[in-house]
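The exercises below are meant to be worked through with the sequence and the 3D view side by side. Try each task before reading its solution.

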Amino acid sequence: LIEEAHKRDIRVILDYVLNHSSKLNPWFKEACADVNSPYRKFYNFTKEDREGWHGWHKVTTGGVQYWYFGDFDSSMPDLNYGPAASCATNPTFLALTDAAKFWIDKGVDGFRLDAVKHIYDNQTSNENPTFLNTFYTTLNQYFQGKSALGYKDLYMVGECWMGTADMAKYYKGLPALFDFTAWENWMMYAINNSHAKWFPKDIIGAQNTFKQYRSDFIHATKLSNHDENRARTSLGGSVERAKMAGAILLTSAGSPFIYYGEEIGMKGDKSKGDENVREPMLWAPKAEDAYRTTWMTPKFNNNDLGGTVAGLAEDANSIYNVYRKFMRLRNTYPALAEGTIELPEDFNDSDTTNKQVMVFYRQAGSERLLVVHNVSEKQSTHTVKHAIKRPIADMNKVKIESKSDTEHVLTMPAYSSIIIEL
C-alpha cells in the first residue's frame with residue numbers, strides 16, 4: 001500500500017492511540033496476572049476502593065482485588081507515562097515510540113493521534129502539550145532523512161475535541177490539530193440557518209489564536225468524523241446542503257480531511273450506535289462490489305438509500321463530482337491549497353443584509369481568488385465592486401452580469417458557489 005501510494009506522491013499516515021491499549025493487549029494481560037510484571041507500571045492500578053468512581057474498574061491479581069483506570073470503558077485501560085516533564089525516560093513512552101519507529105521504518109509518513117486531550121487527565125493543563133511535544137520531537141528526529149518522497153518533517157495531527165481557545169494550546173505540542181468547532185459550531189449552523197456571512201471571520205479569528213502557540217500551525221479542517229453524526233445527517237439529509245458543506249470545506253483555509261463516504265453523501269446517526277456512522281463504503285452496486293465490507297447490515301446506506309461511487313461518478317451534478325471538482329481546484333491553485341483567507345474590504349460585522357452569502361478571498365503570492373457561496377435555499381445576488389479576470393469554477397450555474405470593469409453582479413441560485421480569479 002505504502003509503495004503504491006508513494007508512486008502517486010500520496011503520503012500515508014496511520015491512526016495511533018497513545019491514551020490507552022486494549023484489555024486484550026499482552027502488556028495488560030501480563031500486568032493483571034502479575035504485580036511484579038514490568039508492564040504493571042504501564043497502567044494505573046490501585047488497591048484503594050474506587051467503587052462508583054468514573055473510569056475505575058475491578059480486576060483480581062493473585063487473589064487480591066485491585067482497580068485499574070480506563071477513562072472510556074473497561075475494555076480500554078489507560079496507559080501511564082509518569083510525569084509529563086520527564087516522560088522521555090518512562091518505559092511506557094519508550095515502548096510507544098519504539099512501536100511508532102517500527103512503522104516509520106515501514107515507510108509511514110505520519111500519524112493521526114487519537115484522543116490527545118485524555119492522555120493526562122487535566123485537559124487544560126500543560127501536561128498533554130508537554131508530553132505531545134516530546135513525542136513529536138522524538139519521532140520527527142528519527143524521521144529525518146527517511147521520507148521516500150523527500151519530505152523534511154513527519155506529519156502528525158491530533159484529535160483534540162475542544163473549543164478553539166483550549167484546543168489552540170495543544171499547538172505547543174503538535175504541528176496539526178483537528179478543528180471540531182469550525183464544523184460543529186460555525187459551518188453546520190451557517191448552512192442549516194442560512195446564516196453564512198460570518199464563517200470566514202470565525203476561521204480567521206481561530207487562525208489568529210493558533211498563531212499565538214505555533215507560527216507554522218497546520219489547521220486540520222473537517223466536517224464529521226467516526227464519532228459524530230455524518231455531515232449529511234446533521235444537515236437534515238439534504239444532498240444540496242451536503243454539497244455546500246463540501247464546497248466550503250474545500251475552498252476555505254486549512255488542510256481539509258474528508259471522512260470516507262462524505263463524498264457520496266452517506267448518512268449516519270450516532271445516537272443509534274457508533275457502528276451507524278461507520279457503515280460500509282458503497283463502491284459499486286452490491287452485486288458488482290468486490291470491495292464492500294460485510295461486517296454489518298447497514299441501516300442508513302445501501303443501494304436503495306444512496307448512490308455508489310461508480311454510479312455518482314457518471315453524474316456530473318452529483319455530490320461526488322462536487323468533491324472531485326473542488327479537490328482538483330485545490331491541486332491547481334496554490335491560493336486554495338495553502339493561501340491566506342481574507343474578508344472583503346467592505347465587510348460590515350453588524351450588517352445582516354444578504355447574510356446567507358459567504359464571501360472571502362484566498363491569496364498565495366500574486367494569485368488572488370474570490371470565493372462566494374450562497375448557503376440558502378433561495379436565490380441571492382452579490383455585487384463585486386472591483387475588476388475580475390475570469391470565473392474558474394462554479395456550482396449550480398452562477399451568472400455574472402458585468403455593469404462595468406469594476407462592478408459585476410452575481411446571480412446565485414440556491415446552494416451555489418463560484419470562484420473568480422482576480
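**Exercise 1.** In this predicted model, find helix α9 and work out how its span compares with the expected one.

Solution. Begin by locating residues 239–251, the 13 residues that make up α9. Finally, look at the start of the helix, where a side-chain oxygen of S238 comes within 3.3 Å of the backbone nitrogen of E240.

**Exercise 2.** Determine how many of the residues of α9 are buried.

Solution. Count the residues under 20% relative accessible area; 11 of the 13 pass, and the helix is therefore mostly covered. Among them are R241 and K243, as well as the run from M244 through A245, G246 and A247 to I248.

**Exercise 3.** Is A253 buried or exposed, and which residues does A253 touch?

Solution. First place A253 in the loop between α9 and α10 (309–313). Its relative accessible area is 2%, so A253 is buried. Then, leaving out residues up to four places away in sequence, list what A253 touches: I203, Q207, T221, I341 and R362.

**Exercise 4.** Identify the residues with the most contacts inside the largest nonpolar core.

Solution. That core has 96 residues, and those with the most contacts inside it are L18, F111, L113 and F131. Taking F111 and setting aside neighbours within four places in sequence, one finds contacts including I13, W103, L139 and M156. A second, separate core of 12 residues includes V357, L370, V398 and I418.

Conventions:
Residues numbered from 1 in each chain as written. Predicted model: local features only at pLDDT ≥ 70, side-chain atom pairs only at ≥ 80, totals over all residues. Heavy atoms only, no water. Helix = DSSP H or I, 4+ residues; strand = E, 2+ residues; numbered from the N terminus. Expected span 1.5 Å × (residues − 1). Buried < 20%, exposed > 50% of the residue type's maximum accessible area, 1.4 Å probe, protein only. Polar contact = N/O pair within 3.5 Å; in protein donor to acceptor, adjacent residues only side chain to side chain. Core = buried A, V, L, I, M, F, W, Y, C linked by side-chain atoms within 4.5 Å. Contact = heavy atoms within 4.5 Å.
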